[in-house]
Amino acid sequence: MDRGGRAQLLLDQALDRVGFSERDKAYATHLVYGTLRRLRLLDFLLEPHLKAPDRLPLEVLWILRLGTFEWLSGKPDHARVSPWVEEAKRRYPPLAGLVNAVLRRLKPREAPECVRLSLPDWLCQAWRGFFGEVGFAEGFNEPAPLFVTAYRPVDLKPGPIPDSYVWEGPKRDFSALGLQPQNPASLFAAKLLEPGPGEKVLDLCGGAGLKAFYLAARGAEVVSYDLNPRRQKAGAKTARRLGLKVTYRTQDLREPLGEKAKKVLLDAPCTGTGTFRSHPELRYRLRPEDPKAMASLQLALLETAAGATEEGGLLVYAVCSLTEEEGEGVARAFLERHPEFRPEPFSCPFPVLREGLGVYVAPREGLDGFYYLRLRRVDSRA
Ligand SMILES: C[S@@+](CC[C@H](N)C(=O)[O-])C[C@H]1O[C@@H](n2cnc3c(N)ncnc32)[C@H](O)[C@@H]1O
């Protein structure tokens, strides 16, 4: 992680290598994700006890952060300190005493809101300005349920929208069970197209085709475009296992498309600021200039999507981001240039953070934060 790796991938690889029981795997996952989600707060709690945290070996710093997370979670002293001291003894024996002393001396400390939420100041302040409050971000620091979309009848706990369920228990070979892990907020972007049997749908920036699977299952004739053939190959394999037909085409979508349809979905690449729960390291890596740079790519992709939408057709723009730039900012800039498109209202089944021009979904109850905009092409350009 310190060298730029992604927590989700690294943890899955590590857990595949060790012979942990399912219970231990679940606890290791809770520790790693919990520590990363609250990292800024943990460092703030450690601050009064460390003279020069920057000079500590990184492994010792992580031991202290993990131990502080357990303290924050209310684990009793007798169970929580000695395992970390033993770990320090194995790695840096001279620092085991320091680990012991610091973990025993931890005290509650009043943190400013952005620190308590473990958000970078620039994003915390931008959210406060745009949404009027930032307390919703606490939702990113809670454990994430595993949602699956079902392509066969199942006996599982229902999720917040039809076809979405909650998977409880260890991970499995999901496609063999007719299931696809997917956040309901992501599934809803595909539902907004209201695909009908036999209808042609273009799934732009489709990646592996998670949204394409839902559209194909409704009987639509789906063509999924993306720049990344590796993702598409993996998607084609999953589609076959789920018994769904999706056509994949590889193209840079900053260039115009050679075909059109009445239904077009653009699930654009984004900063991922709505996905901090499942990508907990992302918030510390993003830079203040990223949302603006992403918005200019999104606008170029939306141009292509608009050109591929037939008159009278529907165009859905979605991003798993909560910034003004990538949502309303893109929508405003697009509509200024395209009077032939009108926002088409819809009712959102999730908690809403802000609505007007499009809808921002609040990252509560395990949902990813999303922005959706549904547009109707009302008139062809002369
Ligand atoms: C948000 S992800 C899509 C996720 C996918 N729709 C799903 O539901 O699983 C954005 C995708 O945009 C693709 N992408 C980024 N830049 C692109 C470009 N210039 N042309 C085409 N695809 C692009 C990425 O490869 C990535 O798969």
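In this predicted model, strands β11 and β12 form a hairpin, with one residue between the two strands. Strand β11 covers residues 352-356 and strand β12 covers residues 358-361, and the two run antiparallel, joined by four bridges. Within this pairing, Gly 356 is found opposite Gly 358 of β12.

For β2, the partner to look at is strand β3 (residues 164-167): the two are antiparallel and are connected by two bridges.

A parallel arrangement is seen for strand β6 (residues 221-226) and strand β7 (residues 246-250), which are paired over five bridges. Here Val 222 lies opposite Val 246 of β7. Together with helix α11 (residues 229-242), strands β6 and β7 make up a β-α-β unit, and this unit is right-handed.

Helix α2 (residues 22-37) packs with helix α4 (residues 58-72) at an angle of about 95 degrees, and their axes are 9 Å apart. Since angles of 65 to 115 degrees count as roughly perpendicular, α2 and α4 are therefore roughly perpendicular to each other. On the α2 side, the contact is made by Leu 31, Gly 34 and Thr 35, which meet Arg 65, Leu 66 and Phe 69 of α4. Sorted by class, the residues in this contact of α2 with α4 comprise three nonpolar, two polar and one charged.

Finally, the surroundings of the ligand deserve a look. The ligand has 16 residues around it, and those that come nearest are Cys 205, Gly 207, Leu 210, Leu 227 and Asp 267. What is the make-up, by class, of the shell around the ligand? The shell has six nonpolar and six charged residues, along with four polar ones.

Terms used
Residues numbered from 1 in each chain as written. Predicted model: local features only at pLDDT ≥ 70, side-chain atom pairs only at ≥ 80, totals over all residues. Pairing = 2+ DSSP bridges. Right-handed = clockwise from strand over helix to strand, strands pointing away. Axes fitted to C-alpha atoms, helices over the stretch in contact; angles between N-to-C directions. Parallel < 35°, antiparallel > 145°, perpendicular 65-115°, else oblique. Contact = placed C-beta atoms within 7 Å. Nonpolar A, V, L, I, M, F, W, Y, C, P; charged D, E, K, R; others polar. Near = placed C-beta within 6 Å.
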